[in-house]
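Please look over the sequence and the model below before reading on. The report that follows takes up the aromatic rings, the core, a helix, a sheet and some loop residues in turn.

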Amino acid sequence: MSAVLLTYRNRAFCTPKLRRHCDACPGPRLLTRRRGGVKQSFMKRRISLLTLVVGDYDEAIAFFTSKLSFSLIADEAQGRKRWVVVAPEGGPGILLARASDAKQETAIGNQTGGRVAFFLETDDFARDHADMLTQGITFLEEPRHESYGIVAQWQDPWGNKWDLLQPA
């Protein structure tokens with residue numbers, strides 16, 4: 001197996017789809033720490049993927065890669081489905097999952113019941129806000145200054161709410 005697609009801290013890891021590790025991958029590491037004089041083992045964990053239900057794979061890929069400059073990490077055919085992952089630089093991947101039945105179709109654009117679903121963090125709010133407006137992205141409010149930073153709510157083509165956020 002040599003399908004190494006993801007890196008973390010300059011170390012190669014297999015795609016999460018494989019659910020096993022290739023020869024180049026160090027695999028999950030068991031870490032240890034001392035607590036109260038007792039040596040304990042634990043696994044280092046992080047969220048690597050979030051799922052976004054969409055109506056069409058190619059439409060979603062085009063939006064994330066051309067409008068938001070996300071990278072296409074994986075696009076692999078799996079029979080009637082595809083394993084499609086996009087990600088912003090330095091962020092977790094978003095698994096784009098095409099709705100496969102009526103129940104899933106009702107979740108498109110409302111995966112969090114109308115709440116903000118995702119937070120896209122930036123180091124330059126003005127630059128990214130202006131770029132997103134140029135790309136035709138719909139903002140639901142004007143930028144505002146909060147104690148935690150500059151923020152403005154926007155929505156993707158399916159109706160999911162996002163925050164563009166520059167932390168304070």
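## Aromatic pairs

Phe63 and Trp158 are both buried, a word used here for a relative accessible area under 20%, with exposed meaning over 50% and partly exposed what lies in between (1.4 Å probe, protein chains only). Their rings form an edge-to-face aromatic pair, with 5.6 Å from centre to centre and 85° between the planes. Rings of Phe, Tyr and Trp (its six-membered ring) are taken to pair if their centres lie within 6.5 Å, and planes under 30 degrees apart count as stacked, over 60 as edge-to-face and the rest as tilted. This pair links distant parts of the chain, since Phe63 belongs to helix H1 and Trp158 to the loop between E12 and E13, 95 residues apart.

The rings of Phe64 and Trp162 have centres 6.1 Å apart and planes at 50°, so this pair is tilted. Here too distant parts of the chain are linked, with Phe64 in helix H1 and Trp162 in strand E13, 98 residues apart. Phe64 counts as buried because its relative accessibility is 0%, and Trp162 counts as buried at 3%. The structure holds seven aromatic pairs, and ring pairs join Phe63, Phe64, Phe70, Phe118, Trp154, Trp158 and Trp162 into a cluster.

## Basis of the model

This is a predicted model, in which local features need pLDDT of at least 70 and side-chain atom pairs count only at pLDDT 80 or more, while totals for chains, interfaces and linings use all residues. Residues are numbered from 1 along each chain as its sequence is written, and side-chain values use heavy atoms, with hydrogens and water left out.

The protein has three helices and 13 strands; helices (H or I, at least four residues) and strands (E, at least two) are DSSP runs numbered from the N terminus. Of its 168 residues, 30% count as buried. Among contacts between residues at least 6 apart in sequence, 44% join residues at least 24 apart, where contact means heavy atoms within 4.5 Å.

## The nonpolar core

The largest nonpolar core has 24 residues, and those with the most contacts inside it are Phe64, Leu68, Ile94, Leu96 and Trp154. Such a core is a set of buried Ala, Val, Leu, Ile, Met, Phe, Trp, Tyr and Cys residues joined through side-chain atoms within 4.5 Å. The elements that give two or more residues to this core are strand E5 (49-54), helix H1 (57-67), strand E7 (81-87), strand E8 (93-98), strand E9 (116-121), H3, E12 and E13. H1 supplies the largest share, five residues.

If residues up to four places away in sequence are set aside, Leu68 touches Phe63, Met132, Ile137 and Trp154.

## Helix H3

In helix H3 (residues 125-134), the buried residues are Phe125, His129 and Met132. Viewed down the axis of H3, these buried residues fall within an arc of 65°, so they line one face of the helix; the arc is that of the directions from the helix axis to the C-beta atoms. An α-helix has 3.6 residues a turn, so residues three or four places apart point the same way.

The face of H3 turned away from its buried side carries the exposed residues Ala126 and Thr134. The cover over the buried residues of H3 includes strand E10 (138-139), strand E12 (149-155) and strand E13 (161-167). After H3 comes Gly136, which has a positive phi near 85°.

## An open sheet

Four strands form an open sheet in the order E5-E8-E7-E6, with mixed pairing; two strands pair if DSSP finds at least two bridges between them. E5 and strand E6 (71-78) are the edge strands, each pairing on one side only. E5 and E8 pair in the parallel sense over six bridges, and Val54 stands opposite Arg98 in E8.

## Loop residues

Ser69 lies in the loop between H1 and E6 and, although not a glycine, has a positive phi of about 60°. Most residues other than glycine have a negative phi. Ser69 counts as exposed because its relative accessibility is 57%.

Gly113 is placed in the loop between helix H2 (102-107) and E9, and is exposed with a relative accessible area of 62%. The C-alpha atoms of Gly113 and Asn160 are separated by 9.3 Å, with the two residues 47 apart along the chain.
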